[in-house]
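Subject: Structure handover

Dear colleague,

I am passing on the structure below for your files. My notes on strands, helices and domains follow it.

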Amino acid sequence: MKVAKTIDEMSALRRQMTGSVGFVPTMGALHEGHLSLVRRARTDNDAVIASIFVNPTQFAPHEDLSHYPRPLDQDLGLLREEGVDVVFIPDASEIYPEGFATWVVMDDVTERLEGASRPGHFKGVATVVAKLLNIVQPQKAYFGRKDAQQLVVIQKMVRDLNMSVEIVPMSTVREADGLAMSSRNAYLSSEERRAAVVLYRDLVSCEQMYEDGIRDASGLRRAIESIIAQELSARVDYVSIADAETLEELETIGTDRPALASLAVYFGKTRLIDNVTLGES
Ligand code: AMP
């Protein structure tokens with residue numbers, strides 16, 4: 001496995017690659033969720049490139065950029081074991097050199113949910129993903145449904161800007177008790193970790209209510225909120241039942257378009273997100 005630290009090094013290695021290239025962008029602190037993307041990229045393509053870059057522009061000033069876990073040696077070991085060909089680990093100054101001034105800004109879909117709670121977040125995400133795709137030039141890039149809105153934003157960016165890459169969505173990988181794997185789970189105390197399983201329990205109940213024929217979105221939102229309220233250490237940021245593509249909040253879930261049930265909840269200082277899609281064929 002080769003490690004590229006600069007864009008020049010990455011581009012030189014890319015030029016040597018023939019056949020299809022699959023790309024998995026990450027912020028590191030890798031877990032089975034990330035590795036599921038790498039494994040799929042490995043089966044689908046002749047070569048796999050992964051990146052580890054804790055992107056400063058997607059963090060607000062009060063967020064956890066400086067504390068974000070960075071176990072680089074361990075991450076490189078995991079990627080090597082999965083047969084990754086090249087890992088791109090640029091510094092922030094490589095991606096955002098002095099004078100950097102061009103951003104990818106998307107209307108509407110970025111203003112809701114995570115975008116409303118984290119203003120500017122998706123400007124950072126879309127910009128860095130566009131840059132990484134331009135640098136790595138993959139045929140396919142792999143993203144987790146765990147970050148459902150991020151996936152919607154990237155699919156839309158690729159369509160809107162006619163970028164020539166296929167975005168492959170991947171299912172959320174969960175711990176044995178259902179908690180979605182996340183690098184941020186490491187921040188949880190044992191009490192918070194125990195409480196955090198309410199996210200999954202809640203989404204499973206929501207799916208069940210949907211299966212039972214409930215289509216009233218306000219009713220589903222209220223039901224989700226009341227389940228979380230039973231967990232005293234949990235503080236709700238948002239609970240949403242929205243159109244899965246536009247992310248507009250729904251009154252009623254229609255029969256023809258899937259809905260995204262998503263939530264963001266604080267456990268202590270740690271903010272966790274999770275979601276399920278309702279009515280997906
Ligand atoms: P991150 O390092 O958090 O930026 O995540 C990198 C990629 O891994 C993103 O496409 C995430 O959606 C995906 N990912 C993170 N957690 C999971 C998970 N539990 N299951 C599947 N994919 C995940």
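Strand β8 (residues 259-267) and β9 run antiparallel and are joined by nine bridges. This is a predicted model, and the pairing can be followed residue by residue: F267, for instance, has T270 as its bridge partner in β9. The two strands belong to an open sheet of three, ordered β7-β8-β9, with antiparallel pairing. β7 (234-243) and β9 (270-278) each have a single partner strand, so one side of each is left without a neighbour in the sheet. On average, and ignoring direction, neighbouring strands here are turned by 15 degrees against each other.

Helix α9 lies across β7, β8 and β9, and runs at about 20 degrees to β9.

α9 also meets another helix. The axes of α9 (residues 198-211) and α10 (residues 217-229) come within 10 Å and cross at roughly 150 degrees. Angles over 145 degrees count as roughly antiparallel, which makes α9 roughly antiparallel to α10. Their crossing is right-handed. On the α9 side the contact is made by V198, D202, S205, C206 and M209, and on the α10 side by L220, A223, I224, I227 and I228. Of the residues in this contact of α9 with α10, eight are nonpolar, one is polar and one is charged.

The other sheet I looked at is also open. It has six strands in the order β1-β4-β3-β2-β5-β6, and the pairing is parallel. Its edge strands are β1 (2-4) and β6 (166-170), each of which pairs on one side only. Neighbouring strands of this sheet are turned by 25 degrees against each other on average, again ignoring direction. Within the sheet, strand β2 (residues 21-26) runs parallel to strand β3 (residues 47-52), and six bridges join them.

Helix α3 (residues 72-81) packs on it, touching β1, β3 and β4 (86-88), and its direction makes about 165 degrees with that of β3. Helix α6 (residues 121-136) lies across β2, β3, β4 and β5 (140-144), running at about 150 degrees to β2.

As for domains, the assignment gives domain 1 as 2-170 and domain 2 as 183-278. Their C-alpha centres lie 26 Å apart. The contact between them takes 22 residues from domain 1 and 18 residues from domain 2.

Regards

Conventions:
Residues numbered from 1 in each chain as written. Predicted model: local features only at pLDDT ≥ 70, side-chain atom pairs only at ≥ 80, totals over all residues. Heavy atoms only, no water. Axes fitted to C-alpha atoms, helices over the stretch in contact; angles between N-to-C directions. Helix = DSSP H or I, 4+ residues; strand = E, 2+ residues; numbered from the N terminus. Parallel < 35°, antiparallel > 145°, perpendicular 65-115°, else oblique. Left-handed = near helix turned anticlockwise from the far one by under 90°. Contact = heavy atoms within 4.5 Å. Nonpolar A, V, L, I, M, F, W, Y, C, P; charged D, E, K, R; others polar. Pairing = 2+ DSSP bridges. Domains from an automatic or database assignment.
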